[in-house]
Amino acid sequence: MAYLKEIELNILMWVQSFATPSLDVIWQCITMLGEETWMVLAFSYIYWCYRKDMALYLSFSLFSGLAVNSVLKNMFHLARPMGEPGIRVLREQTATGYSFPSGHSQLGSAAFSSLYFWWKKKRLLFFAILASLLIAYSRLYLGVHYPKDVIVGLALGWGVSFLCYYGFTHVRKRYLLFLVVGSVAVAGMFCFPGKTAYQSAGLFAGFFLGSWVEDRFITFQPYQGSKLRRFYRWILGVCGIFAIKLVLSYFTPSPLLWVGGYGFLAFYIYALYPLVFTKLKL
């Protein structure tokens with residue numbers, strides 16, 4: 001293991017040997033493609049304003065990947081390369097928790113591969129592969145992950161998104177599928193507790209309950225209204241998302257808050273806000 005670690009550190013130092021101030025900015029921007037902000041913005045627009053079925057699959061893939069990642073991180077407890085001699089660290093605030101596997105690499109590749117699996121266009125396949133590799137490389141350049149972290153993260157991202165697509169398109173009772181996979185995520189929270197495990201369990205619970213409530217009692221049509229009207233609908237909904245996250249940030253972090261808070265956030269996205277804009281005819 002010590003020999004493998006030495007090899008990985010040499011790889012990181014080689015990657016960082018090409019660093020320049022301009023590349024620092026570029027790779028920090030690229031690593032953001034593996035973060036939740038753009039995913040929330042994109043997926044909420046798809047769900048509220050474009051196609052519900054597509055958004056449900058993308059969300060199912062993302063939340064499943066997040067659950068798998070959190071379980072593995074808390075299972076292996078592997079440290080990051082930060083603090084190792086010769087390794088510089090950029091955008092350290094995105095490097096929380098354990099190192100293996102890389103969450104940015106996994107979630108970024110899951111998001112882009114899911115878009116490919118849904119549309120199945122060759123150009124999109126090339127873009128998905130390129131984006132996945134760039135995100136993974138950015139984590140090495142920034143000095144926050146070892147090579148094995150990003151390699152496994154990439155494999156998991158593509159693998160989980162494919163399995164979720166197969167299940168989503170072949171299982172007739174989708175909500176039963178969500179319930180089963182969500183139950184596994186909750187079980188993972190108890191077996192391998194940690195912040196990300198609590199968050200993923202809450203997100204999955206809110207996603208399952210919210211999407212079921214919407215399908216059973218609300219059944220909104222995302223494409224209704226003009227493009228401008230749908231844009232306003234999305235902007236207002238996103239304001240609600242960031243307002244909820246702002247309120248949550250004022251509370252002392254705890255397992256109950258992470259599960260309940262993120263569960264409410266997901267329920268807001270998939271049921272509560274659709275109910276609001278349906279009643280207000282937004």
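This note goes through aromatic pairs, charges over rings, helix packing and some backbone features of a predicted model.

1. Aromatic pairs in general. A search of the whole structure, which is a predicted model, finds 36 aromatic pairs.

2. Phe-178 and Phe-207. The ring centres of Phe-178 and Phe-207 are 4.8 Å apart and the ring planes stand at 45 degrees, so this pair is classed as tilted, given that stacked pairs need planes under 30 degrees apart and edge-to-face pairs need over 60. The pair links distant parts of the chain, with Phe-178 in helix H8 (residues 174-191) and Phe-207 in helix H9 (residues 195-218), 29 residues apart. Phe-178 and Phe-207 are both buried.

3. Tyr-198 and Trp-258. Here the ring centres are 6.0 Å apart and the planes are at 15 degrees, so the pair formed by Tyr-198 and Trp-258 is stacked.

4. Packing of H9 and H11. H9 passes H11 in a right-handed crossing. Sorted by class, the residues in the contact of H9 with H11 comprise 16 nonpolar, seven polar and two charged ones.

5. Packing of H3 and H5. For helix H3 (residues 36-49) and helix H5 (residues 103-119), the axes come within 11 Å and cross at roughly 25 degrees. It follows that H3 and H5 are roughly parallel to each other, while the crossing in which H3 passes H5 is left-handed.

6. Charges over rings. Two contacts of a charged side chain with an aromatic face deserve a look. Lys-52 lies over the face of Phe-220, at 4.6 Å from the ring centre. The charged end of Arg-174 sits over the ring of Phe-168, at 3.9 Å from the centre of that ring.

7. Ser-161. This residue is placed in helix H7 (residues 147-170), and with a relative accessible area of 0% Ser-161 is buried. The C-alpha atoms of Ser-161 and Ala-110 are separated by 5.5 Å, although the two residues are 51 residues apart along the chain.

8. The loop between H4 and H5. The peptide bond from Phe-100 to Pro-101 is cis, with omega near -10 degrees. His-77, also in the loop between H4 and H5, has a positive phi of about 55 degrees although it is not a glycine, and its relative accessible area of 44% makes His-77 partly exposed. Arg-91, in the loop between H4 and H5 as well, has a positive phi of about 50 degrees, again without being a glycine. At 17% relative accessibility, Arg-91 counts as buried, because the limit for this class is under 20%.

Conventions
Residues are numbered from 1 along each chain as its sequence is written. This is a predicted model: local features need pLDDT of at least 70, side-chain atom pairs count only at pLDDT 80 or more; totals for chains, interfaces and linings use all residues. Side-chain values use heavy atoms; hydrogens and water are left out. Rings of Phe, Tyr and Trp (its six-membered ring) pair if their centres lie within 6.5 Å; planes under 30 degrees apart count as stacked, over 60 as edge-to-face and the rest as tilted. Helices (H or I, at least four residues) and strands (E, at least two) are DSSP runs, numbered from the N terminus. Buried means under 20% relative accessible area, exposed over 50%, partly exposed in between (1.4 Å probe, protein chains only). A charge sits over a ring if NZ of Lys or CZ of Arg is within 6 Å of the ring centre and within 35 degrees of the ring normal. A crossing is left-handed if the near helix is turned anticlockwise from the far one by less than a right angle, and right-handed if clockwise. Ala, Val, Leu, Ile, Met, Phe, Trp, Tyr, Cys and Pro count as nonpolar, Asp, Glu, Lys and Arg as charged, and the others, Gly among them, as polar. Axes are lines fitted to C-alpha atoms, for helices over the stretch in contact, and angles run from 0 to 180 degrees between N-to-C directions. Angles under 35 degrees count as roughly parallel, over 145 as roughly antiparallel, 65 to 115 as roughly perpendicular and the rest as oblique.
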